[in-house]
Amino acid sequence: MKKTKLQWHPAFGAALRITLQDELQYLEMQEEYLLSKKPLQMDILIIKKLKDVPIRKTIGRIFRKHNIIEYKSPGDSLSINDFYKVYGYACIYQSNTNRIKEVDPQELTLTFVCSRYPRNLLHHLKRARGISTEYQGGGIYYLKGDPIPMQLLIVPELTDMENYWLQSMRTDLQAGKEIQKLMREYEKHRKSKDYSAVMDLITRANWEQMEVEKKMCDALKELFAEELKEADSNGRTEGIQQGKREMILAFLKAGAENKIIKEASGLSEEQIEEIRREIK
């Protein structure tokens, strides 16, 4: 596949909508929100429409009325300059209104999303601004000590249960069980534009691993097809040949699912599990 620059931000917006979909009716999300007539824009602005409705998802518990989100793609780091740029966005957003306090400063939050723990930035914030880091679990860190509530999300550390699609926006997905799970989850929502956008990005970002998975499945089916053809021609309709057993063992060790093996080989779940026990 020809290497091109991946557009992570649109897929991140889609993954964010997926993650918050249960409560999206209470939120208004605007992507690449323009701060002025000049090209100065924030990655994501989420406006909480109803003040008294709490957001239950862990990444949204910090949300107030106006929530600014800065997203860094996997190849980028969150720097000290990035922090002050986004903090400046918050100040411009608050002040660039027709009325005084039309955007209440106490109703602002900042969320920083990145793939690597920004140690240099957090050290600077602690030393220069007295801002400490408080781990909330599941890849979420609160930055405490500033009038504006802030949080840091580390994508690979986010929990699968609540943030599966955000957490999957990486370049290091593993062929086998991890990509097979991704396929299963996508299959449930393949008609959704947001899911399609995220899946397209993840596929492009993990192209080599996806190809390994595809080749493994195709090879498995071809090998079983040859074995079954030979078995039929020799009238062997019962039992599992030693060669086939060895192939199944190899693919089980590689992480192939029972479903794929069953479809390709015609073996029962019991037969596959019997062979799987040999690995243990």
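This is a predicted model: local features need pLDDT of at least 70, side-chain atom pairs count only at pLDDT 80 or more; totals for chains, interfaces and linings use all residues.

1. Glu 70 and Lys 85 form a salt bridge, with 3.1 Å between the closest N and O atoms. Because Glu 70 belongs to strand E3 and Lys 85 to helix H2 (residues 80-95), the pair ties together parts that lie 15 residues apart in sequence. Glu 70 is buried, at 4% relative accessibility, whereas Lys 85 is partly exposed, with a relative accessible area of 33%.

2. A salt bridge also joins Asp 82 to Lys 72, and here the closest N and O atoms are 3.4 Å apart. Asp 82 is in helix H2 and Lys 72 in the loop between E3 and H2, so that distant parts of the chain, 10 residues apart, are linked. Asp 82 is buried at a relative accessible area of 11%, and Lys 72 is buried at 12%.

3. Within helix H6 (residues 193-205), Asp 200 and Arg 204 are 4 residues apart, about one turn of the helix. They form a salt bridge whose closest N and O atoms are 3.2 Å apart. Asp 200 is partly exposed at 40% relative accessibility, and Arg 204 is partly exposed at 37%.

4. Which contacts does the side chain of Asn 67 make? Asn 67 lies in strand E3 (residues 66-71) and is buried, with a relative accessible area of 0%. Its side chain reaches the backbone nitrogen of Arg 64 at 2.8 Å, and a polar contact of 2.7 Å joins it to the side chain of Thr 109. Leaving aside residues up to four places away in sequence, Asn 67 touches Ile 44, Leu 45, Ile 46, Lys 48 and Thr 109.

5. Strand E6 (residues 140-144) is mostly covered, 4 of its 5 residues being buried. It runs antiparallel to strand E5 (residues 132-137), to which 5 bridges join it; Ser 132 has Lys 144 in E6 as its bridge partner. The two strands form a hairpin with 2 residues between them, and Gly 138 in the turn has a positive phi of about 60 degrees.

6. E6 also pairs with strand E7 (residues 150-154), in the antiparallel sense and over 4 bridges. Ile 140 stands opposite Leu 153 in E7. This hairpin of E6 and E7 has 5 residues between its strands, and Gly 145 in the turn has a positive phi of about 120 degrees.

Methods. Residues are numbered from 1 along each chain as its sequence is written. Side-chain values use heavy atoms; hydrogens and water are left out. Buried means under 20% relative accessible area, exposed over 50%, partly exposed in between (1.4 Å probe, protein chains only). A polar contact is a pair of N or O atoms within 3.5 Å; within protein, one must be able to donate a hydrogen and the other to accept it, and residues adjacent in sequence count only if both atoms are side-chain atoms. Contact means heavy atoms within 4.5 Å. Two strands pair if DSSP finds at least two bridges between them. A salt bridge is a side-chain nitrogen of Lys or Arg within 4 Å of a carboxyl oxygen of Asp or Glu.
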